[in-house]
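Thanks for coming, everyone. Let me put the structure up, and then I'll walk through it piece by piece.

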Amino acid sequence: MRDPAIETILILQDRDTRRVALETQIKAIPVDITLVERHIAEEKAALENARTELRELESKKKLLETEIGSAEQTLAKYRTQQLAVRKNDEYQALGHEIETVQAQISEFEGRELEIMFAIDGAKRKFATAEATSKQNIAGNEARIRSLRERGEVLATEVKGAQEEVGVARAKVATPWLRAYDRMAVRGLPAVVPIHGGKCGGCHLKVSSEVESAARGKNSDGLPAFCDQCNRIVYWEA
Ligand SMILES: [Zn+2]
């Protein structure tokens, strides 16, 4: 039959392992939320960039329209002037100005057409991006909500696990508890069985003294320690 001291400390280790696992999970939640929030921000920024691109094209188009409008006014003014002049050289000079402005207008119109084409493309691109983006953002926001819910569930579970650890600790004799705590800060397991003469923690061979202490041969009621890694060892047939 196994030493009752071993039984109580194994129960403590079991509860402690569960507590540590839950605490690790709960610590990961804010990190995960931050990551998802970053994805959302990136998604929004990309969409905003696409929107800005479209706006810039639209304001370029407006600018060109204004320039075309004022060039057309100039053209009309020259044409009126041309009707009024008497001298042939003045008439020709105005005719030359008119040609220049006409060329300018057709160049502006060419550019306007290119921009209108670009706007169509940008609008299509933006609509697709917006649809995908909205879907991704909604998915990520749902992920955050479920992470928060998971966090709340975990918080309750951690509290329960901590209470269970408290109950288990109360049943462990002081020298065992001290030995356990000393090892547990380095990470669990702090209590391991001996299998085939080897420590279940570091897998190195234990001395025959340790082995017989673990078997409870000296029966001083104190824990036996692995002479390699210092974990509490117990005999498991
Ligand atoms: Zn060991």
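**The zinc site and what surrounds it**

Start with Cys202: its relative accessibility is 24%, so it counts as partly exposed. Keep in mind throughout that this is a predicted model.

Why begin with that cysteine? Cys202 is one of the protein donors of the zinc ion; the others are Cys199, Cys226 and Cys229. Each donates through SG, at 2.2 to 2.3 Å from the metal. What is the geometry of the site? Tetrahedral, with angles of 105 to 115° among the 4 donor atoms. For reference, the ideal angle for four tetrahedral donors is 109.5 degrees.

Along the sequence, the donor spacing reads C-x2-C-x23-C-x2-C. Now place two of these donors. Cys202 sits in the loop between β2, 198–199, and α4, 208–214. Cys229 sits in the loop between β3, 224–225, and β4, 232–235. The pair therefore ties together parts that are 27 residues apart in sequence. Cys229 is buried, because its relative accessible area is 15%, under the 20% limit.

Next, the sheet. It is open, it has 4 strands, and the order is β2-β1-β4-β3. Pairing is mixed. Which strands are at the edges? β2 and β3, each pairing on one side only.

Look at β1, residues 191–195. Strand β1 runs parallel to β4, over 4 bridges. Val192 stands opposite Val233 of β4, and Ile194 stands opposite Trp235 of β4. With β2, the pairing of β1 is antiparallel, over 2 bridges. Here His195 faces Lys198 of β2. Is β1 buried or exposed? Of its 5 residues, 4 are buried, so β1 is largely enclosed by the rest of the structure.

The largest nonpolar core has 17 residues. Those with the most contacts inside it are Ile9, Leu12, Val172, Trp176, Tyr180, Val191 and Ile232. Which elements supply at least two residues each? α1, α2 (88–170), α3 (174–184) and β4. Take Val191 as an example. Beyond its neighbours within four places in sequence, Val191 contacts Ile9, Leu10, Gln13, Tyr180, Ile232 and Tyr234. Apart from this core lies another, of 15 residues, with Leu64, Ile68, Tyr78 and Ile105 among them.

Asp16 is found in α1. Asp16 is buried, because its relative accessible area is 6%. What does Asp16 touch, leaving aside neighbours within four places in sequence? Val165, Tyr180 and Leu188.

Gln82 is also in α1, which spans residues 4–84. At 14% relative accessibility, Gln82 counts as buried. Not counting residues up to four places away in sequence, Gln82 touches Tyr91, Leu94, Gly95 and Ile98. The Gln82 side chain also reaches the backbone oxygen of Tyr91, at 3.4 Å.

Notes
Residues are numbered from 1 along each chain as its sequence is written. This is a predicted model: local features need pLDDT of at least 70, side-chain atom pairs count only at pLDDT 80 or more; totals for chains, interfaces and linings use all residues. Side-chain values use heavy atoms; hydrogens and water are left out. Buried means under 20% relative accessible area, exposed over 50%, partly exposed in between (1.4 Å probe, protein chains only). Contact means heavy atoms within 4.5 Å. A polar contact is a pair of N or O atoms within 3.5 Å; within protein, one must be able to donate a hydrogen and the other to accept it, and residues adjacent in sequence count only if both atoms are side-chain atoms. Donors are N, O and S atoms within 2.8 Å of the metal (3.2 Å for Na, K and Ca); water is not among the atoms, so sites may look incomplete. Four donors count as tetrahedral if all angles lie between 85 and 135 degrees; four count as square planar and six as octahedral if opposite donors are over 155 degrees apart and all others between 65 and 115; anything else is irregular. A nonpolar core is a set of buried Ala, Val, Leu, Ile, Met, Phe, Trp, Tyr and Cys residues joined through side-chain atoms within 4.5 Å. Two strands pair if DSSP finds at least two bridges between them.
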